[in-house]
Amino acid sequence: MSNENAQELIIGIPRGMSFYSNYPFWYGFFTSLGFKIVLSDPTTKQTMSEGSALVVTETCLPIKIYLGHILNLIKKGVKNIFVPSLQSIAPKIYNCSKIRGLPDLVRNVVKGDFNIIEATLDKSAKGKGLYSFLAEAVKPFGITSFDVIKKASKDGWRVYNNFIVMMRSGMNYKKALSYALKGKILIEDAEATAAISVALISHGYNIYDERACMKIFDKLEKMGVKVYTALNLTDEQLAEGISTIGHHEYWANSAEMTGAAGHYLKDNKIDGIITLNAFGCGPDSLMVETITRKAKDAGKPMLALTIDEHTGEAGFVTRLEAFIDMLFRKKRMNLTKTVDIKEYDYTPQTNICETVITK
Ligand code: SF4
């Protein structure tokens, strides 16, 4: 690739949907090929309302937000926008229909002067694995060499693996992402403790989008709570969590939801579970229902939060505060119950007085 051509390689990536879990890979992959990546701006109220205006009300919030990000990239003048179709991430494990049909949705509802760089990943179909997916993504830019794509893929995995290692060490998302993109890796002391620990069960696009989740991590941290998520767990822990819940993995997002919930329900350091799902999400509503029943059986307190573009911050904070307050009270009660109060046979020393009196 000549330098002249390399300067023309610009790709827009919307800050939505799979961005929150896959961006470290895309960063390593595209930059290795000489692309300049243009990201959409972080989500704002405007992103949400502009995206919502393109689809019917019942559409889930993450999809509305994603469409808002596409509009943002178009406004920035980006001509080629990456919109992958992630059909199946492993044999017989599928994404929800909205994620699978993302390029079709964007094509049909967003009008503007831009090209959709679409590529299909379908690990349940023959010949639609990772390399074919990557080749499809860069073919419109004239990159066809398998060796070049393979090398870029390795660079993508390097950034992604560094990010995952830092997340599993307990580092917070923003910090792990920032280090990984700078090519750094830092392992923190995982066992920094807090008075209360909760597991936040949701998808990356719900909880790492600060506008969508109304900065739930900052709010919980200010309340003295340590937050654990699916990204802190290994694939094995997530798989074992799914079977604890009694589910078979069919949905690609089962691992983030039932897998993480199943693991944290059995984890004694976790005082409570918070699920956060988007209004209008069919798969999540079924999974949250099952998690609620299992949490009840396990005696683990649980709070189920639902978000949409109209969710008010005041009500959201009140529910969080009430839940955390209850966890603190429960913990204090349990501590009081376990304090070992020993009974002593105490005989006062009266012999000195008695001696004085009897004299
Ligand atoms: S899994 Fe739920 S929240 Fe995610 S895209 Fe599908 S319907 Fe929307």
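Helices H13 and H14 are roughly parallel to each other, because angles under 35 degrees count as roughly parallel. In this predicted model, local features need pLDDT of at least 70 and side-chain atom pairs count only at pLDDT 80 or more, while totals for chains, interfaces and linings use all residues. Residues are numbered from 1 along each chain as its sequence is written.

H13 covers residues 254–265 and H14 residues 282–298, and the two pack at an angle of about 10 degrees with their axes 10 Å apart; axes are lines fitted to C-alpha atoms over the stretch in contact, with angles running from 0 to 180 degrees between N-to-C directions. Helices (H or I, at least four residues) and strands (E, at least two) are DSSP runs, numbered from the N terminus. H13 contributes Met 257, Thr 258, Ala 261 and Leu 265 to the contact, and the residues from H14 include Asp 284, Met 287, Ile 291 and Lys 294, where contact requires C-beta atoms, placed from the backbone, within 7 Å. By class this contact has seven nonpolar, two polar and two charged residues; Ala, Val, Leu, Ile, Met, Phe, Trp, Tyr, Cys and Pro count as nonpolar, Asp, Glu, Lys and Arg as charged, and the others, Gly among them, as polar.

In total, 13 residues surround the ligand, and the closest are Cys 60, Cys 96, Lys 98, Ala 278 and Cys 281; a residue is counted if its C-beta atom, placed from the backbone, lies within 6 Å. Eight of these shell residues are nonpolar, three polar and two charged. Because domain 1 (3–168) and domain 2 (193–338) both give residues to the shell, the ligand lies between them.

These domain bounds come from an automatic or database domain assignment, and the C-alpha centres of the two domains lie 27 Å apart. Their contact takes 24 residues from domain 1 and 23 residues from domain 2. On the side of domain 1 that touches domain 2, H4 gives the most, with four residues, and the residues of that side divide into 13 nonpolar, eight polar and three charged.

An open sheet of three strands has the order S5-S4-S7, with mixed pairing, where strands pair if DSSP finds at least two bridges between them. Strands S5 (93–94) and S7 (120–122) stand at the edges with a single partner strand each, so one side of each is left without a neighbour in the sheet. S4 (residues 85–90) pairs with S5 in the antiparallel sense over two bridges, and Ala 90 has Ile 93 of S5 as its bridge partner.

Definitions and conventions
Parallel < 35°, antiparallel > 145°, perpendicular 65-115°, else oblique. Contact = placed C-beta atoms within 7 Å.
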